[in-house]
Amino acid sequence: QQQRPGNNRQQGAGNRRGQQQMGGIDVGVNDFTLAQLSQFPHEQQKLLLGERLYPLIVPTHGALAGKITGMFLDSGWTTEELLSLIHDEHKLQQKIANAIEVLHRAQTTTT
């Protein structure tokens, strides 16, 4: 990745969360729109959303962040619903809590 002058809001791995290239256009997390996503095939949309969701989940749920992100992406929710989780912290936390509950129920039924 090439660094552009004045484009070093965050350093190292943190830069991935703050700024990414999408179709040749630098897109910050808060600038990510449904219109931009709709330019990509469905599977790539899911990949891009997962790349945005994972860093939002990992600070509070560490090792489960990958599992939770995968649950969200495989949930059948629309692209718009998944995108809303990136922009709405409260909604994201509710969905995370639901996912954790499902994981706990699955664990207790298998043990």
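**Helix 3 and its two neighbours**

Guide: Happy to! Keep in mind that this is a predicted model. Let's start where helix 3 meets helix 4, which covers residues 65-73: the two pack at an angle of about 140 degrees, and their axes are 8 Å apart. Angles over 145 degrees would count as roughly antiparallel, so helix 3 and helix 4 are described as oblique to each other. The crossing of helix 3 past helix 4 is right-handed. On the helix 3 side, the contact is made by Lys46, Leu49, Gly50, Leu53, Tyr54, Ile57, Val58 and His61, and helix 4 contributes Ala65, Gly66, Ile68, Thr69, Phe72 and Leu73. Sorted by class, that contact has nine nonpolar, four polar and one charged residues.

Now turn to the other neighbour, helix 5. Helix 3 spans residues 42-61 and helix 5 spans residues 79-87; their axes come within 9 Å and cross at roughly 20 degrees. Angles under 35 degrees count as roughly parallel, so that is how helix 3 and helix 5 lie to each other. Here helix 3 makes a left-handed crossing. Its residues in this contact are His42, Gln45, Leu49, Arg52, Leu53 and Leu56, and they meet Thr79, Leu82, Leu83, Leu85 and Ile86 of helix 5. By class, the contact has seven nonpolar, three polar and one charged residues.

Technical notes
Residues are numbered from 1 along each chain as its sequence is written. This is a predicted model: local features need pLDDT of at least 70, side-chain atom pairs count only at pLDDT 80 or more; totals for chains, interfaces and linings use all residues. Side-chain values use heavy atoms; hydrogens and water are left out. Axes are lines fitted to C-alpha atoms, for helices over the stretch in contact, and angles run from 0 to 180 degrees between N-to-C directions. Helices (H or I, at least four residues) and strands (E, at least two) are DSSP runs, numbered from the N terminus. Angles under 35 degrees count as roughly parallel, over 145 as roughly antiparallel, 65 to 115 as roughly perpendicular and the rest as oblique. A crossing is left-handed if the near helix is turned anticlockwise from the far one by less than a right angle, and right-handed if clockwise. Contact means heavy atoms within 4.5 Å. Ala, Val, Leu, Ile, Met, Phe, Trp, Tyr, Cys and Pro count as nonpolar, Asp, Glu, Lys and Arg as charged, and the others, Gly among them, as polar.
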